[in-house]
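This report is written for someone who is meeting the structure for the first time. Please keep the sequence and the model in view while reading.

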Amino acid sequence: MSLQTSTQPTSPVQQALREALIAGVVSFGLFFFFIGLKTDQNIRNELVLVTRWGLLTTVVVLTMIVRFLYVAYAVPFLARQKIADAVTGLLPDSTGTKFFRVPFFIGSLALAAVLIVFGSAIVAWTGPNIGAYVTLIRAFAIIYAVAAVMFYGRAFIGRNFASIGIVSLILYPILVVVILALLAWSNGSANITSAAFQGSLKWVDNFGIQILIYVMLAWGLNIVVGLAGLLDLGYVAFYAVGAYSYALLGTHFGLSFWILLPMAGILAAFWGVMLGFPVLRLRGDYLAIVTLAFGEIIRLVLINWREVTNGSAGISGVPKVSFFGWFTFNVSDPNYISKVFDIPQSGAYYKIFLYYLILALALLTAFVTIRLRRMPVGRAWEALREDEIACRSLGINTTSTKLTAFAIGAMFGGFAGSFFAARQGFVSPESFVFLESAIILAIVVLGGMGSLVGIAIAALVMVGGTEALREMEFLKSFFGQDFTPELYRMLLFGMAMVVVMLWKPRGFASSREPTAFLRERKAVSGSFTKEGHG
């Protein structure tokens, strides 16, 4: 006699309730000591324990609600839409055509234009409290208009992505100056050009130069991690070597940036080889631990070797970049750019020049990476990444393969470091902590190891998103003057990383396929035969 049990299928709501309860228990256990309890000092300087049960309850309840909504509604919706198989972008056609409509697009453009030109007049007429709402509505209108253009032009963008991206990067500072000139005109400024140039410093610096520095660093690390498959957690060390090489040689010997740039890359490549030799037989976690220790050793040397590096105080007065001696950006110099071209004096010229300089260096990094990937050394990197034992059995010299990967990746890190020193005019060990290596590695992983386009998008989202949170001062009008957006930057940063890895576990645009195949194959009568096999 056998007992037969019938299992009833679980509904999405029941599954969501179960998942929500589990998420509530887990979040309670995780946040009990971090949020529920807090140490503080009383008026007599005694250490006391403060309980925050209300805040803890709010966090747990919000976690349960989000988990319930995700399991009950988001998962079935994504399954119905088959978003994982969609090749048109973030949204499938059935959803995108409902959200992006021509009347909405035209309305968002008109609203954004009106708020850009007459936003200040509207705030002056309605009162200062309306300014936060005007800024928020204008931002959403611009984002919607750009998203609509990307959705309807997704096929064209997909075919010409590289060309569109390069043209957009070249025109970015010009568009920033034009938009800020319109804003200055709407404010009634008499000197539109000067106001626009001064205002463009922040946008070109934070949302242009800063992002491109991380793009270049991530592309350099991509050679080591994405192509060669060598996990490097100390990449910031080469970044520091390039920065200090430029700072020390520039301040003590007065050498030009164009001479120190290749020297910084060569010195960083030398240290890449020095790191590569001890780790030739290491793989996986052991390699990660050694590279992490190497990055910390470099940082501690910079702190303690005070006679050379000036310790924690850093090196100031790092010389600026000049354009091959034709014109400079020092006001006291007779070849100052304003004197050479007879234009108004402004500090924005140097930022715009640095933007195009780092753009050229980043494009050079991409060009060299693409060419190397198609050469035998690039194919050796990919073979090493997939299987080191099989790579060695094919007769590939794994020693030289690893050393070239470390050296070339470190060289581009040195280039970025020298540019960073010239941009900042000051370097210190605090700029080269482990968090920088973690951010660069996260950009490579989120973008997709081996994919230059995906890494660039990940750098734009991660670095640009965290920089955008610095500018959200208008949120104080909603949450109070005590609200500081910067305190929530890393929290939102971590949440975004979790969401992206759940949605795209292999990165935005993973590229693990080999660059070249030995022989193309086709199926014939159930068996595989090689084309052209004689």
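In which helix does A348 lie? A348 lies in helix α14, which covers residues 348–374.

## Basis of the description

This is a predicted model, in which local features need pLDDT of at least 70 and side-chain atom pairs count only at pLDDT 80 or more, while totals for chains, interfaces and linings use all residues. Residues are numbered from 1 along each chain as its sequence is written, and side-chain values use heavy atoms, with hydrogens and water left out.

## The chain as a whole

The chain has 21 helices and 6 strands; these elements are DSSP runs numbered from the N terminus, with helices being H or I runs of at least four residues and strands being E runs of at least two. Of its 534 residues, 39% count as buried, where buried means under 20% relative accessible area, exposed means over 50%, and partly exposed lies in between, with a 1.4 Å probe and protein chains only. Among contacts between residues at least 6 apart in sequence, 69% join residues at least 24 apart, a contact being heavy atoms within 4.5 Å.

Strand β1 (residues 37–41) and strand β2 (residues 47–51) pair in the antiparallel sense over 5 bridges, pairing being assigned if DSSP finds at least two bridges between two strands. T39 has L49 in β2 as its bridge partner. The hairpin of β1 and β2 has 5 residues between the strands, and N45 in this hairpin takes a positive phi near 65 degrees.

G242 lies in helix α9, residues 236–253, and is buried, with a relative accessible area of 0%. Not counting residues up to four places away in sequence, G242 touches A264, G414, G417 and S418. G242 and F415 are 173 residues apart in sequence, yet their C-alpha atoms are 6.2 Å apart in space.

## Aromatic pairs and a charge over a ring

A pair of aromatic rings is described by the distance of the centres and the angle of the planes. Rings of Phe, Tyr and Trp (its six-membered ring) pair if their centres lie within 6.5 Å, and planes under 30 degrees apart count as stacked, over 60 as edge-to-face and the rest as tilted. By this rule the count comes to 17 aromatic pairs. The rings of Y235 and F238 have centres 5.9 Å apart and planes at 75 degrees, so this pair is edge-to-face. F238 also forms a tilted pair with F294, at 5.8 Å centre to centre and 40 degrees between the planes. Because F238 lies in helix α9 and F294 in helix α11 (residues 285–304), the pair ties together parts that are 56 residues apart in sequence. Both F238 and F294 are buried.

Elsewhere, ring pairs link F28, F32, F33 and W53 into a cluster. The charged end of K320 sits over the ring of Y350, 5.0 Å from its centre; this requires NZ of Lys or CZ of Arg to be within 6 Å of the ring centre and within 35 degrees of the ring normal.

## Two loop residues

N310 is in the loop between α12 (306–309) and β3 (315–316), and has a positive phi of about 65 degrees although it is not a glycine. At 43% relative accessibility, N310 counts as partly exposed.

S322 is found in the loop between β3 and α13 (337–341), and is buried, with a relative accessible area of 18%. Leaving aside residues up to four places away in sequence, S322 touches W258, F327 and T328.

The C-alpha atoms of A348 and K202, which are 146 residues apart along the chain, are separated by 9.3 Å.

Helix α18 (residues 434–447) has 14 residues that should span 20 Å at 1.5 Å a residue, and its end C-alpha atoms are 20 Å apart, which agrees; the expected span is 1.5 Å times one less than the number of residues. α18 is mostly covered, with 10 of its 14 residues buried, among them E436, S437 and I439. Just after α18, G448 takes a positive phi of about 110 degrees.
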